[in-house]
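The sequence and structure are shown first.

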Amino acid sequence: MEYYLQLVINGLVVGSIYSLVALGFVIIYKATKVVNFAQGELVMVGAYVCFALTVQFHIPFLAAFLLTLAFSVVFGLAIERAILRPMVGEPIISVIMITVGLSTVLKSLVQLFWGTQIRVYPQVLPQQPVFIAGLPVSPVYIAAFVLALVLFGVFSLFFKYTRYGVAMRATAFDQTAAASMGIGIKNIFALSWCIAAVVSSIGGVILGNINGINSQLGHLGLKVFPAVILGGLDSLLGAAVGGVVIGVLENVLGGAAKEWLNLGGFKEVAAFIVLVVILMVRPYGLFGTHEIERV
């Protein structure tokens, strides 16, 4: 029983990181109706930038983390302005394919500058475990989970009460109506990419402190996609719930398959099995908007 409780705890931590990355997916989709397949690479770039500032330039971790967030804002804005803004009005599939190409370019650049070997962050938090319900939990796991909760609270307040948050919600609901009310649609698109880059970088830094980083970190975007589909592509609440659910299911199912069936690699495909089931039962996810078209 303790073994499965440990899997659940680990799944909650991993799921909270999935939720952050899923939040980036949802924000971009709500604003632009584009599925960003470079989301995982944004995680990877943020993780490597923070690593470079901390290890290669010897900047204290907290300052490096804040500089990484500032870089993410500029990086997200540059991507939107230079690559995606010229595609406004073009077919959605063309824009999606650009994000696929962008993911390949970013991965290649990371391999060019940092190689493919695993890089390890310097120790930031103490390694002495904290016991919860008799189970040892690493402080970095607790910090990751708490930080994810705080960030979701901050973004919830941002979207509900701030001027730009309300403008983003209005744009997501009806771009034409939002534009007629004086909302700058292109500025909202840019803001959505900036926020997506920031939350992705935060997820990358958290993962770097837990497992280290390498050029395969970009694959996280595909692992998070089942969480996005489970919650609903246009639901912020769905991103939070979907990420946690997928994280827990992935760890528990993977652990059970390893213990009972000796299938060590089942964890890597468990989320995609769940994705297939979700699409068969609820194509719009748990909280997604069910669109009805009249013919």
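## Basis of the model

The model is predicted: local features need pLDDT of at least 70 and side-chain atom pairs count only at pLDDT 80 or more, whereas totals for chains, interfaces and linings use all residues. Residues are numbered from 1 along each chain as its sequence is written, and side-chain values use heavy atoms, with hydrogens and water left out.

## Helices α3 and α4

Helix α3 (residues 61-84) packs against helix α4 (residues 92-114) at an angle of about 130 degrees, and their axes lie 12 Å apart. Helices here are DSSP runs of H or I of at least four residues, numbered from the N terminus. Axes are lines fitted to C-alpha atoms over the stretch in contact, and angles run from 0 to 180 degrees between N-to-C directions. That angle makes α3 oblique to α4 (under 35 degrees is roughly parallel, over 145 roughly antiparallel, 65 to 115 roughly perpendicular, and the rest oblique).

From α3, Phe75, Ile79, Ile83 and Leu84 meet Val95, Ile98, Leu102 and Leu106 of α4; contact means heavy atoms within 4.5 Å. The residues of this contact comprise eight nonpolar, no polar and no charged (Ala, Val, Leu, Ile, Met, Phe, Trp, Tyr, Cys and Pro count as nonpolar, Asp, Glu, Lys and Arg as charged, and the others, Gly among them, as polar).

## Helix α9

Helix α9 is mostly covered, with 11 of its 12 residues buried (under 20% relative accessible area, 1.4 Å probe, protein chains only). Among them are Lys223, Phe225 and Pro226. The buried residues of α9 pack against α1 (2-32), α2 (39-56), α8 (185-211), α10 (236-260) and α11 (266-281). Just after α9, glycine 232 has a positive phi of about 115 degrees.

Conventions: Helices (H or I, at least four residues) and strands (E, at least two) are DSSP runs, numbered from the N terminus. Buried means under 20% relative accessible area, exposed over 50%, partly exposed in between (1.4 Å probe, protein chains only).
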